[in-house]
Amino acid sequence: MTTYPLSAEDLEIQQRARAFVDEDLISWEEHAEANGGQIPDDERRKQRERAIELGLSAMNMPTELGGTGMTTLQQVLVSEQIGRVTNALGWCVFTPPAWAPAVVSEHQMQTWILPTIRGEIHECYAITEAGAGSDVDAIEATARRDGDEYVLNGEKMHVTSYNHASYCFFQAKIAGGPNEGAHAMFFVDKQTPGVRHVRDPTYTHTYPDTHAVVAFDDVRVPAATLVGEEGDGMAFTYEWFRYERLMIAARCCGAAERLIDEATAFAKQRVQFGRPIIENQAISHTLADSLTELWAARLMTYRLAENIDAGVDVKIQHGQCSMAKLYASEMAGRVADRAVQIFGGRGYMRENVAERFWREVRVDRIWEGTSEVQRNIIADQLQKRGTGALVG
Ligand SMILES: Cc1cc2nc3c(=O)[nH]c(=O)nc-3n(C[C@H](O)[C@H](O)[C@H](O)COP(=O)(O)OP(=O)(O)OC[C@H]3O[C@@H](n4cnc5c(N)ncnc54)[C@H](O)[C@@H]3O)c2cc1C
């Protein structure tokens with residue numbers, strides 16, 4: 001089923017993920033949509049356990065730490081399949097922070113990372129603030145050293161999965177001392193005194209995960225919760241961005257494939273004016289455009305994953321992750337819009353797959369850096385490195 005050279009192992013992983021989505025997840029989509037993203041607890045537990053059993057969860061973690069140690073390309077193949085279903089269900093496959101094992105201390109590894117890999121606890125990211133979205137450097141949260149502790153202050157928003165998380169990665173600027181103003185990242189347990197849940201705004205999609213506003217009021221944490229050194233915070237965030245941008249591109253390819261399949265099947269059986277609507281070029285040409293754009297996005301995404309596996313320069317990776325995320329997320333938006341149109345009035349109903357994806361893929365042009373920010377990165381890389389280095 002592939003037009004890209006994949007090994008037998010890669011194909012087996014792709015099929016394993018595809019079968020999981022088809023057999024265990026898709027049938028719950030309408031239920032989840034109608035129930036605020038929720039499905040029965042025992043079913044949710046079953047899906048999470050099945051994802052672990054199939055080796056899909058912690059696929060980005062080395063086997064010696066309990067992960068399944070997939071290559072980047074294999075992770076893309078899995079994420080693409082997961083993208084064929086709503087995130088309300090697909091997020092049962094969890095990927096702990098890929099950047100962490102290389103930089104955390106033994107204490108941090110034992111306390112947070114290993115239990116996260118085992119699926120016992122979950123993380124969330126508290127970086128964005130009301131005044132600092134695209135411009136992460138504008139954060140106002142602070143971390144002031146006080147003896148063996150840091151005192152953290154700030155208010156974060158859009159903290160995804162806060163309701164399911166046990167701890168946050170909290171990004172702040174150092175206040176006082178020789179590294180004043182430098183970015184730093186901390187592990188902060190949710191139950192630490194001073195961590196205050198402010199509210200859960202509602203969003204366009206229907207997920208069981210919240211995107212909370214969370215305040216940190218004089219939160220005292222041991223100095224041992226600092227990840228790496230003072231000044232390292234931004235580097236971890238950039239690494240997280242690169243990983244997520246690639247995986248968003250993969251999920252967008254999966255969403256587009258599902259939409260093209262569903263819209264094509266509908267267009268072949270829906271009869272108006274005495275013939276299937278697909279016999280009108282106004283309909284079939286939109287499917288042709290969608291398929292063509294999906295292929296381009298997929299080739300780009302797979303090739304980027306292989307480049308990362310081959311260890312290409314991280315600056316090139318940065319530019320290519322932005323190109324893949326930009327193109328695939330904009331492509332998925334166009335494909336979803338066309339699919340809604342093909343379904344007609346049905347495409348505007350909450351129970352319809354195209355309507356759901358139309359809402360869900362919209363945020364892929366916003367989170368982990370908006371399309372405008374991706375273009376800024378690409379243009380910057382172009383000026384510094386030239387076309388040959390980036391797409392040659
Ligand atoms: C559902 C959801 C989940 C999220 N989850 C998390 C999370 O778990 N943790 C977390 O920390 N954050 C999270 N975010 C935050 C997300 O990363 C930001 O929303 C995103 O980076 C954009 O920031 P902003 O919303 O403040 O928009 P702004 O930065 O205010 O941008 C507004 C508009 O201006 C444009 N713009 C800004 N600067 C430029 C420029 N230089 N050139 C051209 N255009 C520009 C943007 O592209 C955008 O169109 C989440 C967001 C959403 C919607």
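Begin by selecting Arg 303 and Glu 306, which form a salt bridge with their closest N and O atoms 3.1 Å apart, a salt bridge being a side-chain nitrogen of Lys or Arg within 4 Å of a carboxyl oxygen of Asp or Glu. The model is a predicted one, in which local features need pLDDT of at least 70 and side-chain atom pairs count only at pLDDT 80 or more, whereas totals for chains, interfaces and linings use all residues. Residues are numbered from 1 along each chain as its sequence is written, and side-chain values use heavy atoms, with hydrogens and water left out.

**Along helix H8**

Both Arg 303 and Glu 306 lie in helix H8, three residues apart, or about one turn of the helix; helices (H or I, at least four residues) and strands (E, at least two) are DSSP runs, numbered from the N terminus. An α-helix has 3.6 residues a turn, so residues three or four places apart point the same way. Arg 303 counts as partly exposed at 46% relative accessibility, and Glu 306 is also partly exposed, with a relative accessible area of 23%; buried means under 20% relative accessible area, exposed over 50%, and partly exposed in between, for a 1.4 Å probe and protein chains only.

Now select the whole of H8, residues 281–309, whose 29 residues reach 42 Å from the first C-alpha to the last, close to the 42 Å expected at 1.5 Å a residue; the expected span is 1.5 Å times one less than the number of residues. Colouring by burial will pick out, among the buried residues of H8, Ile 283, Leu 287, Glu 293, Arg 298, Tyr 302 and Asn 307.

Just after H8, Gly 311 takes a positive phi of about 75 degrees. Go on to Asp 313, in the loop between H8 and H9, which counts as partly exposed at 45% relative accessibility. A polar atom of the Asp 313 side chain lies 2.8 Å from the backbone nitrogen of Lys 315; a polar contact is a pair of N or O atoms within 3.5 Å, and within protein one must be able to donate a hydrogen and the other to accept it, while residues adjacent in sequence count only if both atoms are side-chain atoms.

**Buried charges**

Select Arg 18, Glu 80, Glu 257 and Arg 298, which are linked in a network of salt bridges. Within this group, Arg 18 pairs with Glu 257, the closest N and O atoms being 3.1 Å apart. That pair links distant parts of the chain, with Arg 18 in helix H1 and Glu 257 in helix H7, 239 residues apart. Arg 18 counts as buried at 15% relative accessibility, and Glu 257 is buried too, with a relative accessible area of 11%.

A further stop is Arg 356, which forms a salt bridge with Glu 29 at 2.8 Å between the closest N and O atoms. Arg 356 lies in helix H10 (residues 353–360) and Glu 29 in helix H2 (residues 29–34), so the pair ties together parts that are 327 residues apart in sequence. Arg 356 and Glu 29 are both buried, and the structure holds 25 salt bridges.

For contrast, turn to Arg 251 in helix H7 (residues 233–269).

Finally, select the ligand, which 17 residues surround, the closest being Thr 128, Ser 134, Thr 160, Thr 370 and Glu 372; a residue is near a molecule if one of its heavy atoms lies within 4 Å of it. A polar side-chain atom of Thr 160 lies 2.6 Å from a ligand nitrogen, and an N or O atom in the side chain of Asn 376 is 3.3 Å from a nitrogen atom of the ligand. From His 158, a backbone N or O atom lies 2.9 Å from a ligand nitrogen.

His 158, in strand E3 (residues 149–160), has a positive phi near 60 degrees. Most residues other than glycine have a negative phi. In strand E7 (residues 211–222), Asp 218 likewise has a positive phi, near 45 degrees, and counts as exposed at 52% relative accessibility.
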